[in-house]
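Morning, everyone. Please look at the structure on the screen.

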Amino acid sequence: MSDDVPVTAAPEGVRRGEEEAADPAGGPADRPWTALWVTALALPPLALLAAASWFGRWVRPGADDWCFLPRVRDDGVGGLVGQFYFDDNGRVANALLVGAYAKFQIAGHQWYPLVSGVLVVAVLWAVAALALRRAGLRTPRGMPLLLAAMTTALFLFVTPNTYKTFYWPAASVSHTLPPVLACAALIPLLLARTRRGRVVAIAVAVLMAAFLATLSEETAIVVVMVLLAALIVSGRVVPAADRGFVRQWCAGGIAGTAAGALVLITSPGSTNRRERFGAETTSLLSSDSLAASLRAFAEITVTVVTTWQYVGAVAVGVLLGLLCRRPDGTTPRPPARWPLLTAAGLLTLLVSGYLCTVIAYPVFGDRVSDRSANRIWNDYLLLYVILLVGVGALLGLAVRRYAHRTAPAKAVCAALCVLVCMGPAIALTDLDTAMRARAEKWDAQDRRLREGAAAGERVLPYERLVISQMLEPFSEGGERYWPGGCVADLYRLDRVTDGARGR
């Protein structure tokens, strides 16, 4: 997926500081060694993803998974869609994706990390390559892959709870995959060159937005805020020839989101959910709820901003700014409206993040800012990482313009790209150990429960097997039964009892 092409001779009147990039003989950005070390930098984050996917073989069901498995086994994916629409939450697209992996029972949970991880890096890789090409920028081979790999690693593994972000399929379907699918809708936009291509891009935007609205309310909010921001700034940053198409594409995405939201909000399941958690409009928008959501979002912001590993996004962006060039070999300049773009991006991130917290607060309460609930941050966390890459690219262009030598900056950024992967690597190793220990106990208990049910037992003890603060039956000191009823359904029992009390 490289967009690297031979550089033509530089035009006359090259600006000072651009001579190196415009060298017809090939500047540093054109040398094979540059392409080699840029590609090599993608290996650490890709190795993280490969190792994490391999560790997925130890994933076993927990929390909501207990309830999805027997429903899909007995009633199929259609039964789960009906349950979501009529009873649970109205998220029909969510039910389709959950049913897609639950159909394979335990194996579906084990393969999910690999499939979702490959999907994330593939989508971001395609978007990075096409965006650079559409912007008329040339980069060393491997740069789009480096951008995608680093963004993927930071998004999935620099998190307070990697298990709920990456390994728990139910949470990933609701909060990790949706923003990536939103990015996938950019691919037809970036490919559109003809009238038919533009029609296809708008149609994809409408359909994807409607799908996302019934998949994740939080991601739908982020999508709408991004599209509104794009509409507002399009008059100043989009060329006149493309302005009408971009505005139609944004309007189509907003219309699709509204249509999907209408399906969701009017569903019986969504009504039940709002009543169950007291999330009616009056309580959702009460002054107390809005103030508490603001405090919680401030706490989330502090947690994210002080997570130093996200500097890796800035570092890879700086490398992009230092190594990119125009097709004629000259050094690109920052966008003329870069202050407007930066301000719009920051405001969009803050507003969408706060609104996501507002709609999540009735369900999670004060726990919405806890590290155990970090999965609901992912809906806007990908936008945060992408914005950091953009800021880094602006910094790289500035360094390239004013510094006499860029080699030290490249060395520092390359070192940071490797360094930020070390912490997640250690955390993943520890998580692998914990997952393996739970899997061994889970498999032993699974055999015991199945054998007992086959022997005619109707009530059997269940011992809690908690990992990464996942919910299990008999939490809160044994007082909370959920999801014990779903465990009993999976094994065709009448009830399970607290195994800890039995001992």
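First, the term: a salt bridge is a side-chain nitrogen of Lys or Arg within 4 Å of a carboxyl oxygen of Asp or Glu. One example is Asp-494 with Arg-458, where the closest N and O atoms are 3.3 Å apart. This pair links distant parts of the chain, 36 residues apart. Asp-494 sits in the loop between α22 (484-490) and β2 (495-498), and Arg-458 in the loop between α20 and β1 (459-462). Helices (H or I, at least four residues) and strands (E, at least two) are DSSP runs, numbered from the N terminus.

A word on the source. This is a predicted model: local features need pLDDT of at least 70, side-chain atom pairs count only at pLDDT 80 or more, and totals for chains, interfaces and linings use all residues. Residues are numbered from 1 along each chain as its sequence is written, and side-chain values use heavy atoms, leaving out hydrogens and water.

How many salt bridges are there in the whole structure? A search finds 10.

Now to helix α20 (residues 422-454). Asp-446 and Arg-450 both lie there, 4 residues apart, about one turn of the helix. Their side chains meet in a salt bridge, 3.1 Å from N to O. Is Asp-446 buried or exposed? Buried means under 20% relative accessible area, exposed over 50%, partly exposed in between (1.4 Å probe, protein chains only). Asp-446 has 13%, so it counts as buried. Arg-450 is partly exposed, at 41%.

Last stop: Arg-73. Arg-73 bridges to Asp-74, with the closest N and O atoms 2.9 Å apart. Arg-73, Asp-74 and Arg-492 are linked in a network of salt bridges.
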